[in-house]
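Me: Please pick out one part of this structure and look at it closely. I would like to know where it sits, what surrounds it, and how the rest of the chain is laid out.

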Amino acid sequence: MSKKLEGNGLWESSRMMLPEHKERINLYNEQRKKKKKPQLIDEQVGIISQRLSDSMMDDEEITIEIFNENGKNQFVTGIVSKMDSAIRRIKLQCYNDDCQWIQFDNIMDVK
Amino acid sequence: MHKKERVIMLVDCQSFYASVEKAAHPQYKNKPVVVAGDPARRSGIVLAACPLAKKKGVVTAERLGEAMGKCPDLIVLKPQMQFYIDVSFQITRLLETFTDLVEPYSIDEQFLDLTNTQHLFGAPEYIAEQIQEKIMDATGVYTRIGISYCKVVAKMACDNFAKKNKKGIFGLPKKDLQAVLWPLPIHKLFLVGSRMNTHLLRLGIHTIGDLANTPLSKLREKWGVNGELLWKIAKGLDASPVTPQTHEMQKGIGHQMTLPRDYWSKTELEVILLELTELVCRRCRTKGYMGSVISVGCRGANFDRPTGFHRQKKIAAPTNVTNEVYETVRQLFYTHWDGSPIRSLGVSLTQLVSDHEFQLSWFDPFEKDRSLEKATDGLKDRYGDAIIMRAVSVAEAGQAKDRAAKIGGHYK
């Protein structure tokens, strides 16, 4: 029943920690766990831009993998309807008339 | 394979709050300084006293009036809890330059495991000196360090020896336990309070060594798990790892409040219960949790004749809606309260689950509450906890406004 004799139980049951203090520590640990976006090689960047423009030209459906710092990348499917090279983003037209602006620098892969 | 003996340290900050204040106020460097709960009131409690004040006989937890009697030129400062948390965290970061295994045990004590990094920095005593120097340079806080092969012995090495010697560093290896630790009186053992001390003395156990040599079965029979725990501590048996992620696991969210005076009317107590419920539920909502066990505790005003209770109840489906939790809180409270005056109250929510999915019901009586709380939480996030509160909290009994300005019951 009591966990005092197992693991870190002795210290967890006897300590005095302010909730605000715990939060400070946890917040930092969470930020530290966040992932950094991997650097893509030029070749991969070339392939990605090729596929994006193909999609726009041929109305071809593609699936884009978008980087997420929590480690779980997001996938969206649709057709590229606009490319704005000045602010480096593309507009993706999805099924249900939804559209989404995607920052080019966050794109990891296109299929 | 032979397992390498660990290198564990406990780093303890001397008179932490007072030291941090002295570093922030260099003009008080050679003056006796205390940090006190409420400097405006002589009945406030001394939270920390600097070594100069201690020399004049000031002790922690005494009333400010008494302390000023002993030391008329005492400098009394108001606590700044957020600042102390920041400095404590800064110390954690400094310690992380020696090892990634750092576990804060309280605001002024932290454990380190240097087993796998000590080869980079030198002998343990030398590392301890570097730590002392680094923390002193960065924060002005003097630290005392116990060194040993496990956490509990490092803690006792710090409390019983490092705090008392000139260097502030004490290494207590396994082979010295019998010679160094065992002759100490039993109340010097970690976790032995005044009550346990009396019990142990009555059994003829006067020193730590006496306890270590008592048959385990006898202690188990008498005190169960706690008896076994003390025996293990006396023998220096503690395998617990230094666990940096220890604070991430959240078993429950609870809030407790000590009232400024005794409350006994139902209306007043209900205000406090509602405020506590709101705090707990809001914290759950921010963190994305719902709980299904609700507990309520209270303590009477008379410390000599303790009254009070702590009861809990499991509800059908987990929730974090204030009004829903409050229904159960009220019900629990009125079932168990005997009507005597109350000095402190607490509410908590446990058995937490994520609030990403919840049971939908056709007639959800709390649908409105949910959207209302979303709006009020948003306001509080943006403008602080005092921006919006329930009307009852503005009544004389309410504590919400006062509490919004505090951490751990003391000023932020």
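Reply: Asp108(B) counts as buried because 22 C-beta neighbours lie inside 10 Å. A residue is called buried if 20 or more other C-beta atoms lie within 10 Å of its own, exposed if 12 or fewer, and partly exposed in between, with C-beta atoms placed from the backbone. The model is a predicted one, so local features need pLDDT of at least 70 and side-chain atom pairs count only at pLDDT 80 or more, while totals for chains, interfaces and linings use all residues. Residues are numbered from 1 along each chain as its sequence is written, and chains are lettered from A and ligands numbered from 1 in the order in which they are written.

Asp108(B) lies in the loop between strand E5 (102-106) and strand E6 (109-113) of chain B. Helices (H or I, at least four residues) and strands (E, at least two) are DSSP runs, numbered from the N terminus. Leaving out residues up to four places away in sequence, Asp108(B) touches Asp12(B), Cys13(B), Phe16(B) and Ser88(B). Contact here is defined by C-beta atoms, placed from the backbone, that lie within 7 Å.

Asp12(B) belongs to strand E1 (residues 8-13) of chain B. Asp12(B) is buried because 22 other C-beta atoms are within 10 Å. Its contacts, again without residues up to four places away in sequence, are Asp108(B), Glu109(B), Thr143(B), Arg144(B) and Cys158(B).

Next, the wider chain. The domain assignment gives chain B domain 1 (1-95 + 118-149 + 162-169), domain 2 (182-235) and domain 3 (250-411); these bounds come from an automatic or database assignment. Over C-alpha atoms, the centres of domain 1 of chain B and domain 3 of chain B are 34 Å apart. Six residues of domain 1 of chain B contact four residues of domain 3 of chain B.

The largest nonpolar core has 77 residues, and Met9(B), Val34(B), Ala53(B), Leu112(B), Ile145(B), Ala157(B) and Leu211(B) have the most contacts inside it. A nonpolar core is a set of buried Ala, Val, Leu, Ile, Met, Phe, Trp, Tyr and Cys residues joined through C-beta atoms within 7 Å. H7(B) gives the most to this core, with seven residues. At least three residues come from each of domain 1 and domain 2 of chain B. A second, separate core of 29 residues includes Met257(B), Ile294(B), Leu332(B) and Leu349(B).

Chain B also meets chain A: 22 residues of chain B are in contact with 20 residues of chain A. Helix H4 (81-95), E5, helix H7 (151-162) and helix H12 (225-235) of chain B each supply at least two residues of that side of chain B.

As for confidence, chain B averages a pLDDT of 90, and 98% of the residues score at least 70. pLDDT is the predictor's confidence in each residue, from 0 to 100. The complex receives an ipTM of 0.73 and a pTM of 0.72 from the predictor.

Notes: Contact = placed C-beta atoms within 7 Å.
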